[in-house]
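Here are some quick notes on the salt bridges, as promised. Have the model open while you read.

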Amino acid sequence: MNTGFGKIVWWGFSPALNFLNESYISDRSERMKMSDEKMESLHILVVGAADSRHLLKTIAKSYEHTNLPFEMYVVENSIESYARQLMLLGIAFEQAKSLQEKTELLLEVFGNTLIRQSTLNYIQNKSSELIRMVTDFEELKQKMPFINLEALKYKERDSLESVFKFWRNPDSTLFDISKYWDLRLRHLLGPRFDSRDGVFDWDYNMKILNKGASIISSSEYKYWRKTGIAFHLREGDYNGPNKTLTSEHENQQYIRRGYWGDVVSSPYLAFGIECEDKEYLKKSNNIHCKTAQDVSARNVTAMMYELKYSRPYKNCTENIFGEREENHKGDLNMFQISFLPVNFISDLNKKACYQKLFDIVYFSNSMVHHFVPEFSTLLKRNAVVLVETAKLSDVKNQTKTVS
């Protein structure tokens with residue numbers, strides 16, 4: 001806990017990946033071109049990604065490979081991470097909201113300590129729905145048929161239910177996240193807390209600006225460091241606690257609930273530093289014309305659009321922000337997301353059903369220590385292994401990218 005990285009990872013420290021990228025599945029792409037038949041499923045293992053960015057990006061781009069089914073297996077080191085991912089996936093596939101509403105809602109839940117009352121109400125209502133899903137798989141099949149929780153242990157499903165019940169509780173005093181954020185900063189900075197503005201400025205120049213994330217502006221980064229609020233997409237009062245950022249920390253004597261996540265790297269890294277539309281990365285007088293918030297909003301809107309229409313997103317070509325989604329055009333039967341037991345990565349190679357199964361494996365920089373020689377028994381021939389670097393995070397001495 002002496003680093004800004006924290007005990008639990010709430011967002012990734014690299015941009016969202018499309019696991020169906022041609023460079024990863026080039027051999028299968030060639031076979032698909034020669035046959036109209038549906039190919040054998042692609043199996044993807046996602047270890048410690050912390051959020052749903054890779055899952056959403058891959059599903060959003062799946063229309064480019066209409067006859068390629070795929071299954072993504074998710075492994076995290078905390079049950080709270082599973083709960084957060086289910087919430088974010090639920091927002092992305094929400095049918096009762098416009099693309100703009102979903103974009104604002106997803107980014108607010110994803111990267112803000114404090115949220116609007118309307119967002120707080122949504123989390124409470126969605127939590128009740130998620131409780132029914134994790135306790136009744138028939139309900140899950142009806143609402144989110146692409147989610148598979150059958151591999152989870154019974155105690156983990158009970159823990160998921162407990163997490164959602166806490167989120168559903170309307171008493172905002174149960175989780176004073178502003179207090180917890182302040183305590184995290186005080187613990188991290190120690191005697192430097194009184195000069196924290198200077199520390200934030202140094203961190204920005206040394207850990208953000210000079211490491212390829214110059215699109216993140218100094219003002220938005222410092223504001224996030226002070227308050228924990230990354231995205232301010234709509235006017236309103238941001239005063240409700242984002243309970244999806246709560247977790248438990250076990251001491252030798254007792255268990256404490258609080259905020260134990262990142263207070264240095266920022267949520268902008270997941271959606272806000274790369275963009276297919278290069279107009280968003282343009283500079284004028286060596287200063288970016290857009291901010292990381294602008295890029296994040298554009299990228300998430302593009303994913304929501306592609307999830308809905310199964311075609312490429314183009315800015316300002318359609319009146320997409322006022323529309324309501326009636327039906328999801330993509331084929332929900334072409335993909336599945338299976339959540340494996342918490343910390344199951346070390347036991348995977350002991351299970352016969354996973355031997356030689358995976359075509360693509362992704363390791364976050366916080367979980368790369370699990371990439372050991374014994375792991376090779378799980379890989380298919382010519383499998384691709386992706387390892388997130390620690391370039392933009394506060395983690396030290398981690399392995400670089402492998403492919």
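The points below go through the charged pairs one by one.

1. A word on the basis: this is a predicted model, where local features need pLDDT of at least 70, side-chain atom pairs count only at pLDDT 80 or more, and totals for chains, interfaces and linings use all residues. Residues are numbered from 1 along each chain as its sequence is written, and side-chain values use heavy atoms, with hydrogens and water left out.

2. How many salt bridges does the structure hold? The count is 21, taking a salt bridge as a side-chain nitrogen of Lys or Arg within 4 Å of a carboxyl oxygen of Asp or Glu.

3. Have a look at Asp 51 and Arg 53, whose side chains pair up in a salt bridge at 3.0 Å, N to O. Arg 53 has 1% relative accessibility and counts as buried; Asp 51, at 2%, is buried too (buried is under 20% relative accessible area, exposed over 50%, partly exposed in between, with a 1.4 Å probe and protein chains only).

4. Next, Glu 94 and Lys 126 make a salt bridge, with 3.4 Å between the closest N and O atoms. Glu 94 sits in the loop between helix H3 (79–92) and helix H4 (99–111), and Lys 126 in helix H5 (residues 117–135), so the pair ties together parts 32 residues apart in sequence. Helices here are DSSP runs of H or I, at least four residues, numbered from the N terminus. Both Glu 94 and Lys 126 are buried.

5. Then there's Glu 248 with Arg 257, a salt bridge whose closest N and O atoms are 3.4 Å apart. Glu 248 is partly exposed at 39% relative accessible area, and Arg 257 is partly exposed at 33%.

Notes:
Helices (H or I, at least four residues) and strands (E, at least two) are DSSP runs, numbered from the N terminus.
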